[in-house]
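Student: Could you show me how to read salt bridges in a protein model?

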Amino acid sequence: MNKEALELRKKSPIQIRNKKASFEYFFVDTYTAGIVLTGTEIKSIRLGKASLVDAYCYIVNGEMWLKGMNISPYFYGSFSNHEAKRERKLLLNRREIHRLEEDTKQVGYTIIPTLVFIDDKGRAKVDIALAKGKKQYDKRQTLKEREDRREMDRARKHF
């Protein structure tokens, strides 16, 4: 990822994160993809009414799909409001999809969304990661490191 892309994510007012993902997986590689949205979905995302909990990506016929992402119905929407948990198509180029498809054929690898944000042109984008599942002892190590970091921050705060 280049510096401009990282700066853009920091500036975005809407950042919907998958906090559980970094605890459950090691991230091997990351990509940024567009999302095909319908109707009032973009309005709900701009209000921050979306969740990536238990969401994952899969590839069918050379197309990548996002399943399990919840975008709450828009409060001011009419009868044509969108469905909250529908499958959404992700926009990546063919080379990236092919590379991800080959990598996910290995045991233990999956594709998960990590962040949804709005870019500078007002479009919704999603960061996806090729991820390898953590073992139980890796999760314990992560918890230990997090607790150590908190203790160090507390110690610095008092001195």
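**Reading the salt bridges**

Tutor: A salt bridge here is a side-chain nitrogen of Lys or Arg within 4 Å of a carboxyl oxygen of Asp or Glu. This is a predicted model, in which local features need pLDDT of at least 70 and side-chain atom pairs count only at pLDDT 80 or more, while totals for chains, interfaces and linings use all residues. Residues are numbered from 1 along each chain as its sequence is written, and side-chain values use heavy atoms, with hydrogens and water left out.

Student: How many salt bridges does the rule give?

Tutor: The count comes to 11 salt bridges.

Student: Where do R156 and D153 lie?

Tutor: Both belong to helix α5 (residues 136-158), and because they are three residues apart there, about one helical turn separates them. Helices (H or I, at least four residues) and strands (E, at least two) are DSSP runs, numbered from the N terminus.

Student: Is R156 buried or exposed?

Tutor: Buried means under 20% relative accessible area, exposed over 50%, and partly exposed in between (1.4 Å probe, protein chains only). R156, at 55%, is exposed, whereas D153, at 42%, is partly exposed.

Student: Which residues are linked in a network of salt bridges?

Tutor: The network links E41, R86 and R88. E41 forms a salt bridge with R88, with the closest N and O atoms 3.0 Å apart. E41 lies in helix α3 and R88 in strand β7, so this pair ties together parts that are 47 residues apart in sequence. E41 is buried at 0% relative accessibility, and R88 is buried, with a relative accessible area of 0%.
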